Structure formats: structure tokens, C-alpha cells
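Visitor: Please put the model up. I would like to take it piece by piece.

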Amino acid sequence: MLPVSMVGRAGELAELGRAWSTVVDGHRRSPAVAVVTGGAGVGKSLLVAAALDGFTPRPDVVLSGTARVHSPAPYDWLAAVLSGRDTSRLDLPADALAWLAQQPTAPRERYAPGTLLRLAVRTVRTLVGTGPAVLVVEDLHALDPASLNLVGELATADGLPALLMVATRPAAHAVAPALTGRTLARLCGVRGVVRQHLGPLRPAEVAEVLHQVYADSAADARLVHRVWQHTAGNPYALTELLAAHADPDTLLTPPASSAAAPAAAGPATLGPAATLGPAGAVSTAGGPAVPGSAAAVPGPRVAAAAELTGREVEVLDCLVAGMSNKQVARALGISVRTVTVHVSNLLRKTGAASRTEAALWAVRQRLTATPPTAGLTPPTAVVDG
């Protein structure tokens with residue numbers, strides 16, 4: 001039986017395992033590449049971690065790094081890899097290593113961009129050694145341009161015994177969409193590349209999750225449909241919902257005061273203590289819920305419709321993509337302070353208590369200017385995974 005976090009991902013896990021086998025067997029002259037895409041909350045990082053944990057034999061070297069979202073700097077991925085490592089024995093110029101590792105003592109004079117890129121590749125080669133190794137790139141969509149160039153170079157590095165696993169949202173939601181798109185095209189052009197796109201869970205997969213969490217008590221088809229419908233099959237939303245409900249009956253039992261709420265109020269977002277009402281309504285608790293506690297106390301409901309300006313819709317689209325205020329500012333060409341004002345107005349107009357609630361509300365209302373990824377839009381019939 002798969003762990004709850006990997007329900008519906010067995011095929012992807014097996015495919016990543018086969019990609020690792022090609023590296024171990026020494027059948028490649030350049031790294032094997034696996035690109036995992038998907039929207040926020042679909043489990044990209046969980047899939048990569050689960051695959052890494054199951055690789056046989058175990059990798060001799062694992063180099064893992066991610067983007068620094070709020071204040072990106074050149075070579076953030078490599079700086080994350082080097083963080084905490086003893087680099088004194090690496091046969092590389094000390095000043096270049098200090099610069100690549102973003103050390104505060106790094107010299108102010110820097111190398112030419114091309115030279116620095118070659119030194120960055122050389123650094124990774126030195127760390128990998130004879131391998132076999134796994135290189136993990138988290139949040140490619142948020143990486144700085146220098147890191148994107150490095151990842152592209154590593155994908156085609158001759159004689160590098162490694163599996164390069166990349167997790168990213170679609171290029172359209174990246175900090176630098178054009179450059180990210182080119183990098184993804186370069187990665188996907190590698191011979192034998194593994195390309196996986198994670199979508200929402202199907203109703204049958206949601207039923208499997210419920211069965212594992214609640215045992216036989218979760219066999220009720222009505223419960224499966226309600227949970228699937230109101231989480232849109234999104235694994236993160238599903239996990240948050242189930243973590244707050246030790247008893248599945250509480251998912252279908254509305255709080256006593258919910259009957260008095262006007263129907264026009266519309267669906268609320270699924271917070272940690274959300275409860276699915278009989279008519280599709282969802283009530284959220286005002287404070288953090290404790291699994292196994294009594295029925296959630298209803299909190300404010302998110303408005304079903306809101307009069308948003310065109311710019312607010314654009315900002316909302318960015319929130320759905322999981323962007324920070326700084327990323328939104330860059331994407332829309334406005335100041336961070338202006339973004340903050342728009343976010344504040346969005347929370348007020350939608351009645352949401354957080355950016356996450358506003359994003360989930362937008363997905364259900366389908367208000368975003370650019371449709372969110374397929375993994376987040378509630379379907380009307382069958383969902384493709």
C-alpha cells in the first residue's frame with residue numbers, strides 16, 4: 001500500500017526509479033534528466049523526495065538546492081548546495097568558491113559571466129566525483145538567471161554520472177517566464193528525458209486516501225464526492241482538510257449555525273478545520289483546529305462574488321501561482337508596496353483571511369485572468385491525472 005502522500009503517483013515513482021537505473025548501470029554519457037511540473041500543492045517535492053528515498057542502490061552523492069524566493073541572487077541553487085559543506089579541499093579558486101557560495105567575505109571583483117558559469121559546472125563535477133549522484137533542483141520557476149543557465153549546462157554535461165531531478169511550476173508562472181521556458185525546453189530536449197506533469201487526484205484516488213486515513217468508515221460515496229469536489233483533488237488541500245478531522249462524519253456535518261447562513265454567501269475556502277455542509281457549503285473555524293475535537297466553530301464565509309478591478313484579478317492570478325509579493329511585482333511591473341495594497345484589497349473584497357484562502361477562492365470562482373494549472377480547477381466530470 002502506498003503512503004497517503006503518494007496515492008496516485010505509483011507510475012511516476014516507478015519511472016523515476018528506471019531513470020536512476022540508467023545512471024547506475026553507466027549506460028549514459030551525460031546525466032539522466034527528469035522534469036516534474038505541476039501547480040501549487042500537487043506534490044512535486046513529495047514525489048521527488050519519495051523517489052530519492054526509494055532509489056536502489058542509494059546515491060553516493062546528493063546535491064540539493066532551491067530558489068531563494070524573497071531576495072534571489074546569482075547562483076542561489078549552487079549556494080544552497082555548498083551551504084554547510086567544507087569546500088577547503090576543492091581544487092578551485094578560493095575567491096570564485098566564495099562568490100558562488102555567496103559568502104559575506106567574497107571579493108567584490110567578480111569573474112566574467114562565462115568564466116563563472118564554467119567554474120560553477122566544475123564545482124558540481126568536483127562534488128559529484130565518480131558518482132553516481134542525484135542533483136535535485138526545487139522550484140526551478142523561482143530560480144535566478146545564473147542558476148537557470150547552470151541547470152541547463154549540467155543537463156548536457158558530458159561524463160557527469162548523475163540523475164538531474166527538477167521540480168517546477170509551469171513557465172508561465174515563473175519569475176522570468178521566457179528564460180525559464182528556454183531552460184525547460186533545453187532540459188526536455190535531452191535524450192531519454194522523463195517528463196511528468198502532476199495533476200489533481202481522481203475521485204477513486206481520493207477514495208483511497210480516505211480509506212487509508214479513516215479505514216472502512218470512509219467508503220461512503222457521498223463523502224468521497226464532497227471531499228473531491230471541494231479540494232479539487234489537490235493533495236495539499238486534501239491533506240490540510242483531513243489533518244483537522246479525526247472523524248469523517250465531521251466532514252459532512254455542518255455546524256449548527258450554518259443553516260442560518262444565507263445561500264448567497266457561497267462556498268468558503270477549505271481551511272484546516274473546514275466542514276462540508278449538506279448543500280455544498282463549507283464552514284471554516286475561526287482558530288486552529290485540533291484533530292478529534294468537537295465540531296468546528298463557524299468563521300466568516302468567503303464571498304461568492306466580488307467586484308475586482310483588472311489589476312486585482314492579475315494579482316489574484318499570481319497568488320494562485322504561489323508567488324510572493326516581490327515576484328508579483330516583477331511579473332506585473334509594479335512596486336512591492338502597490339502589490340501589498342492590492343493583496344489587502346483582495347482579502348477585504350473576498351472575505352478571505354489569508355492569501356491561501358483568496359487563491360483557493362479564486363480557483364473555485366474561476367476569476368483569475370490566466371487559468372490556473374489543471375491541478376487546481378474543480379472539474380465537472382472526469383479529471384485527467
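Visitor: Where does alanine 232 lie?
Guide: This is a predicted model: local features need pLDDT of at least 70, side-chain atom pairs count only at pLDDT 80 or more, and totals for chains, interfaces and linings use all residues. Residues are numbered from 1 along each chain as its sequence is written, and side-chain values use heavy atoms, with hydrogens and water left out. Helices (H or I, at least four residues) and strands (E, at least two) are DSSP runs, numbered from the N terminus. Alanine 232 lies in the loop between H9 and H10.

Visitor: What is the phi of alanine 232?
Guide: Most residues other than glycine have a negative phi. Alanine 232 is not a glycine, yet its phi is positive, at about 55 degrees.

Visitor: Is alanine 232 buried or exposed?
Guide: Buried means under 20% relative accessible area, exposed over 50%, and partly exposed in between (1.4 Å probe, protein chains only). The relative accessibility of alanine 232 is 6%, so it counts as buried.

Visitor: How does glutamine 102 count by its accessibility?
Guide: Glutamine 102 sits in the loop between helix H4 (94-100) and H5. Its phi is positive too, near 55 degrees, in a residue other than glycine. Its relative accessibility is 27%, so glutamine 102 counts as partly exposed.

Visitor: How far apart in space are leucine 241 and histidine 230?
Guide: Leucine 241 belongs to helix H10. Its relative accessible area is 0%, so leucine 241 is buried. Histidine 230 and leucine 241 are eleven residues apart in sequence, and their C-alpha to C-alpha distance is 9.9 Å.

Visitor: What do the ends of helix H8 span?
Guide: The expected span of a helix is 1.5 Å times one less than its number of residues. Helix H8 (residues 203-214) has twelve residues, so it should span 16 Å. That agrees with the distance between its end C-alpha atoms, 16 Å.

Visitor: Which residues of H8 are buried, and where on the helix are they?
Guide: The buried residues are Glu205, Val206, Val209, Leu210 and Tyr214. Take the arc of the directions from the helix axis to the C-beta atoms. Down the axis of H8, the buried residues fall within 155 degrees, so they line one face of the helix.

Visitor: Which helices do the buried residues of H8 pack against?
Guide: Contact here means heavy atoms within 4.5 Å. The partners are helix H9 (221-231), helix H10 (235-243) and helix H11 (249-252).

Visitor: In S4, what is the bridge partner of valine 36?
Guide: Strand S1 (residues 32-38) and strand S4 (residues 162-168) run parallel, joined by six bridges. In S4, valine 36 has as its bridge partner alanine 167.

Visitor: How wide an arc do the buried residues of H1 cover?
Guide: In H1, the buried residues are Glu12, Leu16, Ala19, Trp20 and Val23. They are on the same side of H1, because around the axis they cover an arc of only 100 degrees.

Visitor: Which residue follows H1 with a positive phi?
Guide: The phi in question is near 70 degrees. It belongs to glycine 26.

Visitor: What is omega for the bond from threonine 56 to proline 57?
Guide: Most peptide bonds are trans. This one is cis, and proline 57 lies in the loop between H2 and S2. Omega is near -5 degrees.

Visitor: Where is proline 132 found?
Guide: The peptide bond from glycine 131 to proline 132 is cis as well, with omega near -5 degrees. Proline 132 is in the loop between helix H5 (113-128) and S3.

Visitor: How many helices and strands does the chain have, and what share of its residues is buried?
Guide: The secondary structure comes to 15 helices and seven strands. Of the 385 residues in the chain, the buried share is 48%.

Terms used
Pairing = 2+ DSSP bridges.
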